[in-house]
Amino acid sequence: MKKTNIIMTILICLMTVNISAVDFKNLLKQADGLVNYPGHDFSGEYTIVQVKPGQTPTTTIAAVFRRDSIETYVILIKEPSINKGQGYLKQKNTLWFFDPESRKFNSTSSSDRFQNTNARNSDFTQSTLALDYDVVSGTEGMLGRYDCWILNLEANNDEVTYPKMKLWISKDGLVRKSEDYSLSGQLLRTTAIPDYYKLGDVFVPKRILFVDALRGARIDGKFQNEKTQITIDKPSLNDLPDSVFSKSFLESMNR
């Protein structure tokens, strides 16, 4: 065997040993921990721009409040005026949608589209990758300038929005990209998170881009995908009143 072939074989073996020694489940736990805030409340202003090919982009502005310690969040729509006052209240596994016109709360699903965008209601809650998914395989690779672990995941329960995922976690432990798949392996959506705020020991995404793999339109002979970009401003981990995480809070915002 030539010397160069021997060196390549040794390098491949070393890489295999290195990868096999990685605790991928613990890697998921670390990724969850960096973007979850069990010891704090979270609030932020979300600007959500929906782009449908051939149409004028639409913008939704919402106030988002989370209290991960009790698995709850509240979303209050501020703009556009036609949707102003609509809201969402998640309490553990139950998600309510509030309609200010009827003054009624209706149960909805975490897997439903948020305000008919490419974001899902589940995208606004805390990260539970390590709890909901098992790692099928993992390898190393580059994503732009980031040296990443690339993990293939399969759900271990039927409560998740997507049964299969491919995840890019940079070596600092942050999720930079994900691909969401159906049970049959059909790509449904791609998510990119290029930037984060650092608040103490935890992180908050600055921007999230969702690209729908199935929804779009053919423009000038080329298929263009629907896209949704979320920009998060004014992130805070300051304490919030208990009253925020209640139905009465959403009702009071519409009096």
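**Close-up 1. Asp123 pairs with Arg189 in a salt bridge.** In this predicted model, local features need pLDDT of at least 70, side-chain atom pairs count only at pLDDT 80 or more, and totals for chains, interfaces and linings use all residues. Residues are numbered from 1 along each chain as its sequence is written, and side-chain values use heavy atoms, with hydrogens and water left out. The closest N and O atoms of Asp123 and Arg189 are 2.9 Å apart. A salt bridge here is a side-chain nitrogen of Lys or Arg within 4 Å of a carboxyl oxygen of Asp or Glu. Asp123 sits in the loop between β6 (104-108) and α3, and Arg189 in strand β11, so the pair ties together parts 66 residues apart in sequence. Helices (H or I, at least four residues) and strands (E, at least two) are DSSP runs, numbered from the N terminus. Asp123 is partly exposed at 27% relative accessibility; Arg189 is buried at 5%. Buried means under 20% relative accessible area, exposed over 50%, and partly exposed in between (1.4 Å probe, protein chains only).

**Close-up 2. Arg189 also forms a salt bridge with Asp180.** The closest N and O atoms of this pair are 3.0 Å apart. Asp180 is buried, at 2% relative accessibility.

**Close-up 3. Glu140 and Lys171 form a salt bridge.** Their closest N and O atoms are 2.8 Å apart. Glu140 belongs to strand β7 (residues 133-143) and Lys171 to the loop between β9 and β10, so the pair ties together parts 31 residues apart in sequence. Glu140 is partly exposed at 28%, and Lys171 is partly exposed at 40%.

**Close-up 4. Asp41, Arg67 and Asp242 are linked in a salt-bridge network.** The salt-bridge count comes to 15.

**Close-up 5. The largest pocket holds about 1300 Å³ of space.** A pocket is an open set of points on a 1 Å grid over the protein atoms alone, where a 1.4 Å probe fits, with protein on both sides within 12 Å along at least five of seven lines; lining residues have an atom within 4 Å of a point. Its lining has 50 residues; Ser122, Thr125, Gln126, Ser127 and Thr128 lie nearest the centre. Elements giving two or more residues include β1 (41-51), α3 (129-132) and β11 (187-199).

**Close-up 6. The second largest pocket holds about 180 Å³ of space.** Of its 14 lining residues, Gln50, Lys52, Thr58, Gln115 and Asn116 are closest to the centre. β2 gives the most to this lining, with three residues.

Key
Points joined across faces, edges and corners; volume = space filled by probe spheres on them.
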